[in-house]
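Me: I'd like to learn to read this fold feature by feature. Can you walk me through it, starting with the sheet?

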Amino acid sequence: MAELTQAVLAARVDVVVTGWQAAIEAACQPLVDAGAVEPRYTRRCVEMVEEHGPYIVLAPGLALAHARPEDGVRRVCLAAVTLTEPVRFGHDDNDPVDVVFAFGSPDADQHVGMLSALAGALIGGLDDELRAAASDDEARGLLEGIGDGG
């Protein structure tokens with residue numbers, strides 16, 4: 001998947017947050033730090049949940065924060081954080097969340113490619129592998145495996 005092999009990837013494990021907004025901020029921050037998204041992208045990801053509800057909570061314990069390309073995406077990027085303590089987003093079925101992804105894509109084609117690759121990896125157990133990761137480097141390596149088809 002060319003989109004992910006050239007993507008900015010980041011991961012952090014055992015992150016302490018105070019709520020769902022802070023969880024989104026923690027997932028987005030490495031992407032801001034890498035210059036893959038503008039700082040305003042993080043705020044927009046939070047606003048998307050405020051406006052539309054907890055639709056980003058896709059499965060038990062798993063959220064996928066994102067906003068639109070025009071909200072400040074510079075490069076294809078994906079980050080994951082595992083939380084020391086799960087947080088509630090307000091989803092009836094899939095709360096609480098302990099793995100939060102943040103992603104950005106500058107265009108629709110790359111967006112679909114990244115989501116497809118990520119969905120395949122999640123079906124293969126990526127979320128549980130991230131939960132078991134002992135270090136940021138190990139977790140980042142798991143994200144790199146998405147781009148390798150593994």
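Reply: Two strands count as paired if DSSP finds at least two bridges between them. Keep in mind that this is a predicted model. With that in hand, look at Ala-10, which stands opposite Ala-79 in S4. Six bridges join strand S1 (residues 8-15) to S4 (residues 77-87), and the two run parallel.

Me: How do strands of a sheet pair in general, and in what order do the five strands of this open sheet come?

Reply: Strands pair through backbone hydrogen bonds, either parallel or antiparallel. Here the order is S1-S4-S5-S3-S2, with mixed pairing. S1 and S2 (57-59) stand at the edges with a single partner strand each, so one side of each has no neighbour in the sheet. On average, neighbouring strands are turned by 25 degrees against each other, direction ignored. For the antiparallel sense, see S2 and S3 (residues 62-65), which pair over two bridges. There, Val-57 stands opposite Ala-63 in S3.

Me: Which helices pack on the sheet, and at what angles?

Reply: Take H2 (residues 20-33): this helix touches S1, S3, S4 and S5 (97-104), and its direction makes about 145 degrees with that of S4. Helix H4 (residues 108-123) lies across S3, S4 and S5, running at about 155 degrees to S5.

Me: How do I check the length of H2, and where does H2 bend?

Reply: Compare the expected span with the distance between the ends. At 1.5 Å a residue, the 14 residues of H2 should span 20 Å, and its end C-alpha atoms are 20 Å apart, so the two agree. The bend in H2 is about 30 degrees at Ala-27, with a proline, Pro-30, following within four residues.

Me: Is H2 largely enclosed or left open by the rest of the structure?

Reply: A general idea to start with: an α-helix has 3.6 residues a turn, so residues three or four places apart point the same way. In H2, ten of the 14 residues are buried, so the helix is largely enclosed by the rest of the structure. Among the buried ones are Trp-20, Ile-24, Ala-27, Cys-28 and Leu-31. The buried residues of H2 pack against S1, helix H3 (39-52), S3, S4 and S5.

Me: What about phi angles and cis bonds? Where should I look for a positive phi in a residue that is not a glycine?

Reply: Most residues other than glycine have a negative phi, and most peptide bonds are trans. Asp-14 is not a glycine, yet has a positive phi of about 55 degrees. Asp-14 lies in strand S1 and is exposed, with a relative accessible area of 53%. As for the peptide bonds, a cis one joins Asp-95 and Pro-96, with omega about -10 degrees. Pro-96 sits in the loop between S4 and S5.

Me: Back to S1, then. Is Val-8 buried or exposed?

Reply: The cut-off for buried is under 20% relative accessible area. Val-8, in strand S1, has 11% relative accessibility and therefore counts as buried. S1 itself is mostly covered, with six of its eight residues buried. Contacts of Val-8 beyond four places in sequence include Leu-31, Ala-34, Val-76 and Leu-78.

Me: Which contacts should I inspect around Val-100 and Ala-79?

Reply: Leaving aside residues up to four places away in sequence, Val-100 touches Ala-23, Ala-27, Ala-63, Ala-79, Ala-80, Val-81 and Leu-83. Ala-79, in strand S4, is buried, with a relative accessible area of 0%. Beyond its sequence neighbours, the contacts of Ala-79 include Ala-10, Ala-27, Leu-31 and Val-100. Ala-79 and Val-100 are 21 residues apart in sequence, with their C-alpha atoms 8.2 Å apart in space.

Technical notes
Residues are numbered from 1 along each chain as its sequence is written. This is a predicted model: local features need pLDDT of at least 70, side-chain atom pairs count only at pLDDT 80 or more; totals for chains, interfaces and linings use all residues. Side-chain values use heavy atoms; hydrogens and water are left out. Buried means under 20% relative accessible area, exposed over 50%, partly exposed in between (1.4 Å probe, protein chains only). Axes are lines fitted to C-alpha atoms, for helices over the stretch in contact, and angles run from 0 to 180 degrees between N-to-C directions. Contact means heavy atoms within 4.5 Å. The expected span of a helix is 1.5 Å times one less than its number of residues. The bend at a residue is the angle between axes fitted to the seven residues ending there and the seven starting there.
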